[in-house]
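Load the model in your viewer and keep the selection panel open. The stops below go one interface at a time.

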Amino acid sequence: MEPVNTLCQDGESEGGVLAHLEKLEVQMSRSHKKSEELPRVQRDENVLRTKIHELRHLRDKLRAEVKRRQARVKACSANVETNQTAEISEQQVLEKQKENVKAILQAYRFTGLSGKLTSRGVCVCISTAFEGNLLDSFFVDLVMEKPPWIHHHSIPVFIPLEKIAAAYLQSDLQRFLFSLCEYVNAYSGRKYQADRLQSDFEALLTVPLQRNSLCNLLSFTYKVDGRDQSFSFSARLLYEDLTATLPTDVTVTYQGMEASTHWEEHRASHEILFRTKPLHQVFASFSKEVEKLDLSLVS
Amino acid sequence: MAFEAGGSMDAEAREVRALEAEIAALQRRCQELPAPGEKPSGVRKSCQKLPQSDSEGWESSKDLRSHLGHLKSELSFLSTLTGFNIRNYSKKIEAVTNTEVTEEGTTKVLQRHRLSGNCNMVTFQLEFQVLEIQTKEKLSSAITDLNIIMEPTEYSELSEFACRAEERRDLLMFFQSLHFFVEWYEYRKHTFKHFKEKYPDTVHLPEGACSHCMEIHSTSRPGFELVVVWRIQINEEGKVSPKLDLLTKVPQRALVLDKNRVIETAPSSFQTLLGVLGIEAALDSLIKLLCVGNN
C-alpha cells in the first residue's frame with residue numbers, strides 16, 4: 001500500500017486525506033474531553049452534531065479526492081488507448097503496404113518474368129502465353145554467385161538452355177532471361193497451336209498430326225470439301241527459328257489425285273496461310289474458304 | 001424533550017454510522033487509486049494488461065516491418081532484373097455465374113486487373129480482363145480484353161505496336177517486345193552519343209542523343225551530307241529489329257560529276273556494309289570516309 005500521505009502534493013490537504021481524518025479524530029477526542037463539563041445529554045448532542053458536521057466535511061473531501069484520482073486514471077488510460085490505437089492503425093498501414101507489395105510481385109507473372117528471392121539467389125518463373133491464352137510456367141533456380149549458375153530448372157530438355165546460358169548467363173543475366181523467355185514462350189505457343197489443331201479440327205485430319213517434342217516440325221494430311229469432290233492436302237511445317245511461332249518453311253502437296261489449276265490456287269494460298277497465320281486459325285478459316293469456293297464454281 | 005432528543009439522536013447516530021461507512025468506503029477507494037503526483041503505477045498496471053493481451057500485436061508490428069522490408073527488396077530486385085518497374089497494381093474478381101448448364105462443374109471467374117509502371121523511359125498503364133474457366137479436366141485462363149496507354153506518344157512504332165497487342169490481347173508480347181524496343185533504343189542512344197563524342201565536328205544529332213537520325217557533315221566539302229536514319233521496328237509477331245537507312249545530301253554539281261553513280265548506289269551499299277561489319281563498324285567507316293576530307 002502506497003504511503004499516500006507522504007507523496008501527495010495537493011496543497012489543500014497537506015499530509016493527505018487520511019491524515020486529515022486522523023487529525024479530525026484527534027480533534028474530536030479533544031472536543032469530546034472539552035465538552036465533558038456540559039450536561040450529559042447536551043454534551044452528547046453537541047458531540048454528535050459536531051461529529052456529523054466533521055464527517056460530512058471529510059466525506060465530501062474524500063469524494064472529491066476519489067473523483068480527482070479517477071479522472072486522472074481515465075485520462076491516463078485514454079492516453080494509453082490513443083497510443084494503442086495509433087499502434088494498431090500503424091499496423092494496419094503496414095499490413096496494407098505488405099499486401100500491396102505482395103500483389104505487385106504476383107503481377108509480374110503477366111510480364112513473363114517473375115520470381116522469389118531464395119537463400120542463395122533467386123528462383124525465376126517464366127510464364128508463357130499465346131495470343132492472350134495463359135499457358136505453362138517454367139522455373140529456373142539461380143545461385144547468385146560471381147559468376148551465377150543454375151541450381152535446377154524445369155526447362156524442357158529440347159530447349160537449348162545450355163547454349164543460351166553459355167552465351168549470356170555469366171555476362172548479362174537480364175539478357176539470359178529474356179532470351180530464354182523467347183525460346184520457351186515460342187515453344188509453348190507452337191505446342192498450343194498443335195494441341196488446338198488436334199482437339200478442334202480432328203475431323204478434318206485424315207492422317208493425324210505428327211510432331212516432334214519441340215513442336216517445330218509438324219506434318220498432317222487434311223481434307224478440303226468442295227461441292228462435288230473432296231480433296232486431300234498434305235502439309236509439312238518447319239519452324240527453323242525456335243523463337244518464332246510461325247513456320248519458316250511450309251510445303252503443301254496434293255494427295256493422290258491429279259493436279260488441277262483450280263486446286264492449285266488453293267494449294268498455294270494454303271501455303272501462304274500456314275506461313276502467316278497461327279495453325280488453328282488457318283483451319284478455322286477453311287470453312288469460310290469453302291463457301292467462297294462454292295460461289296466461284298457457280299460462276 | 002428527552003424523547004425528541006432521543007429520536008433525533010437516533011437519526012443523528014444513524015447518520016454518523018452512515019457517514020462513517022461511506023468514509024470508510026471512500027478511503028478504500030482512495031487507496032486503490034494512485035495519488036496525484038505519484039507515478040501512476042496502478043495505471044501502469046492496467047496499461048500493461050492491455051499490451052500483454054496484445055503482445056502479439058506489438059511483436060507482429062516489428063515482424064511486419066521486417067517482412068515488408070524483405071518484400072520490398074524482392075520487388076526492387078525483380079524490377080532491376082526484368083527492367084520493368086511495376087508501381088501500381090489492383091485486381092478485382094467477379095464470379096460469372098453460369099446460368100446455362102452447358103457442362104457440369106464448369107465455373108467461370110472474371111478478373112479485372114489494373115497495372116501501371118514504366119520500363120526505362122516508357123510509362124504504361126494497362127487495364128485487362130482475365131477469364132478463368134474451370135472444367136472437370138482442366139483450368140484455362142485467357143485475357144479477354146486489353147487496354148494499353150503508353151507514354152511518350154511520339155514513337156509511332158510503339159503506338160502501332162500497342163494497338164496490335166490490344167487487338168490480339170497479347171499482354172505478354174507487349175511486355176517482351178517493349179523490353180527489346182527499350183533495349184534497342186538505349187543502344188541507339190549510346191551509339192550515337194559515342195560517335196558524337198568521337199567525331200564532334202563531323203557528327204550532328206539534330207534531336208540530341210534521343211535522335212533517330214545521325215547527320216554526318218563534311219567540313220571540308222560543305223554541302224555534302226550523309227544522314228543515317230535508324231528506326232526500331234516491331235513486326236507483326238512482336239519481333240523488334242533495327243532498320244538503318246542512308247540518305248545522301250549532295251550538291252547538284254557533284255551528282256553530275258558522279259559517273260560511277262557512287263552516290264546513287266550509296267544507300268544499298270550501306271546495307272551491304274551493315275551486313276558485313278555490323279552497325280557500329282559500318283557507321284564508323286562511313287564517318288571516317290567523310291572525315292578523310294576534314295583532316
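## Stop 1: chain A against chain B

Color by chain and select the contact: 75 residues come from chain A and 73 residues from chain B. Keep in mind that this is a predicted model. The two chains bury about 7100 Å² between them. Carbon and sulfur atoms carry 68% of that area.

Now show side chains for Tyr108(A), Phe110(A) and Phe178(A). In chain A, these three lose the most area to chain B. Together they make up 10% of what that side buries.

## Stop 2

Turn to the charged groups. How many salt bridges are there between chain A and chain B? The count is six. For one of them, select Arg59(A) and Glu22(B). Their closest N and O atoms are 3.5 Å apart.

Between chain A and chain B, 14 residue pairs qualify, with both residues at pLDDT 80 or more.

Next, switch to cartoon. On the chain A side, the elements that each supply at least two residues are helices H1 (4-7), H2 (17-34), H3 (40-107) and H5, plus strands S1 (113-117), S2 (121-130) and S3 (133-143). Which one gives the most to this side? Select H3(A): it gives 36 residues.

Color the chain A side by class. You get 36 nonpolar, 18 polar and 21 charged residues.

## Stop 3: a strand pair across the chains

Select S3(A) together with strand S4 of chain B, residues 139-151. The two strands pair in the antiparallel sense, over two bridges. Zoom in on Leu134(A). Opposite it stands Ser141(B), in S4(B).

## Stop 4: two domains inside chain A

Select 97-188 of chain A for domain 1 and 201-298 for domain 2. Nine residues from domain 1 and nine residues from domain 2 form the contact.

The area buried between these domains is about 820 Å². Carbon and sulfur atoms give 71% of it. On the domain 1 side, pick Phe130(A), Phe158(A) and Ala186(A), which lose the most area to domain 2. Together they account for 52% of what that side buries.

Polar contact comes to one residue pair, both at pLDDT 80 or more.

Last, select helix H5 of chain A, residues 173-200. H5(A) gives the most to the domain 1 side, with four residues. By class, that side has seven nonpolar, no polar and two charged residues.

How values were computed
Residues numbered from 1 in each chain as written. Chains lettered and ligands numbered in written order. Predicted model: local features only at pLDDT ≥ 70, side-chain atom pairs only at ≥ 80, totals over all residues. Heavy atoms only, no water. Domains from an automatic or database assignment. Contact = heavy atoms within 4.5 Å. Buried area = accessible area lost by both parts, 1.4 Å probe. Polar contact = N/O pair within 3.5 Å; in protein donor to acceptor, adjacent residues only side chain to side chain. Nonpolar A, V, L, I, M, F, W, Y, C, P; charged D, E, K, R; others polar. Salt bridge = Lys/Arg side-chain N within 4 Å of Asp/Glu carboxyl O. Pairing = 2+ DSSP bridges.
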